[in-house]
Amino acid sequence: MPTAAIVGAGLVGQGWAIVFARAGWQVRLYDVAADRLAEARELVEQQLHALQAHGLLRDAAGIAVRVRTADTLDAALADASYVQENSPERLDVKRALFGELDALAAPETILASSTSSIPASLFTEHLAHRHRCLVAHPVNPPHVIPVVEISGAPWTSSEAVARTREILDAVGQRPVVVRKEIEGFILNRLQGALLQEAFRLVRDGIASVEDIDTTIKDGLGLRWSFMGPLETIDLNAPGGIADYCERYGPMYASIGATQADCPAWDGALVETLSRERRDALAAADLASRRFWRDEQLMRLMRHKQRNGETDG
């Protein structure tokens with residue numbers, strides 16, 4: 001039975017532990033703050049039972065047994081064929097940690113980072129075995145949302161990328177490959193483009209925060225739950241995507257010409273966004289709303305599984 005080492009036991013690390021354990025792997029969970037490990041282990045078990053309640057897995061208790069904590073990084077890495085790092089989003093932290101991982105892990109072990117935006121080349125250039133290092137950026141929570149972005153450095157071997165993709169596919173994720181290094185990878189660049197326009201619409205008094213969110217969740221988001229934006233437009237013209245581009249290309253070019261100025265994410269604009277969101281949801285209710293979000297995501301994933309929309 002293969003072993004995965006999960007380094008960093010926060011929310012993302014817990015999600016990764018679930019991903020590998022439910023796929024039959026042994027999991028060793030490690031965190032530099034040892035006092036967090038017991039709580040993290042308990043939260044993993046709670047989330048496994050939540051998945052079971054939604055019909056997304058069976059034998060939550062049996063799966064939980066496969067997740068063990070490790071007192072040291074060396075112990076976590078022992079016999080691990082795959083390592084998923086989940087440290088804070090700081091370059092200095094990741095450079096130092098990957099130095100330790102590269103020194104301790106077996107030479108053939110894949111070393112993957114969950115970083116949301118930092119290219120692998122910035123924290124792996126100095127390593128002796130840098131060819132096996134890459135980014136495997138999940139979407140939070142990874143045990144519910146399956147997409148993982150694989151992004152290697154210029155020196156990451158094609159074999160390491162291929163093996164990572166095989167592993168992630170085998171444990172039930174939906175890996176995609178970023179062919180060239182770029183800040184933010186695919187998901188955050190797409191999300192960033194949408195957020196920039198949402199901020200711009202609020203800044204310019206075009207729409208309220210609530211109405212923008214409604215437009216996505218009750219409009220675009222319904223389609224995007226089952227198909228991407230390119231398939232969407234392929235289906236939205238009689239002759240497919242080329243026909244769509246001919247029909248609507250001039251409109252989007254005109255819109256694009258008005259989107260050059262990116263709003264600054266500070267000052268009065270952020271105050272407006274925060275005020276409208278806190279009017280809709282009190283700060284004290286943020287945590288419970290996150291649990292609600294995860295419940296809805298699990299319901300959606302179950303629906304997609306039942307209708308053959310996923311490989312779950």
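In this predicted model, the centres of domain 1 and domain 2, taken over C-alpha atoms, sit 32 Å apart. Domain 1 runs over residues 3–178 and domain 2 over 186–280. The UniProt record, an unreviewed entry, puts the annotation "domain: 3-hydroxyacyl-CoA dehydrogenase NAD binding" on residues 4–181. Over that stretch the chain is 40% helix and 21% strand, with 25 Å between the end C-alpha atoms.

Next comes the sheet. Eight strands line up in an open sheet with mixed pairing, and the order reads β3-β2-β1-β4-β5-β6-β7-β8. At the edges are β3 (67–69) and β8 (174–178), each of which pairs on one side only. Direction ignored, neighbouring strands are turned against each other by 25° on average. Strands in a sheet pair through backbone hydrogen bonds, and the pairing can be parallel or antiparallel. Strands β6 (residues 133–138) and β7 (residues 147–152) run antiparallel and are joined by five bridges. Looking at one spot in this pair, V135 stands opposite S151 in β7.

The loop between β6 and β7 holds P141. The peptide bond joining N140 and P141 is cis, with omega at about 0°.

Two helices lie across strands of the sheet. Helix α1 (residues 11–22) lies across β1 (3–7), β2 (26–30), β3, β4 (82–85), β6 and β7, and runs at about 175° to β1. Helix α5 (residues 91–104) lies across β1, β4, β5 (110–113) and β6, running at about 165° to β5.

A couple of loops have backbone angles to point out. D59 is not a glycine, yet its phi is positive, at about 60°; this residue lies in the loop between α2 (37–53) and α3 (60–65). D79, also not a glycine, has a positive phi of about 65° and lies in the loop between α4 (73–77) and β4.

Now for a pair of helices further along the chain. Packed helices are described by the angle and the distance between their axes. For helix α8 (residues 187–203) and helix α12 (residues 267–280), the axes come within 10 Å and cross at roughly 95°. Angles of 65 to 115 degrees count as roughly perpendicular, so α8 and α12 are roughly perpendicular to each other. On the α8 side the contact is made by F199, V202 and R203, and on the α12 side by L269, T272 and L273. Sorted by type, the residues of this contact divide into four nonpolar, one polar and one charged.

Note on methods. Residues numbered from 1 in each chain as written. Predicted model: local features only at pLDDT ≥ 70, side-chain atom pairs only at ≥ 80, totals over all residues. Heavy atoms only, no water. Axes fitted to C-alpha atoms, helices over the stretch in contact; angles between N-to-C directions. Helix = DSSP H or I, 4+ residues; strand = E, 2+ residues; numbered from the N terminus. Parallel < 35°, antiparallel > 145°, perpendicular 65-115°, else oblique. Contact = heavy atoms within 4.5 Å. Nonpolar A, V, L, I, M, F, W, Y, C, P; charged D, E, K, R; others polar. Domains from an automatic or database assignment. UniProt positions renumbered as here; feature names shortened; annotations may be inferred. Pairing = 2+ DSSP bridges.
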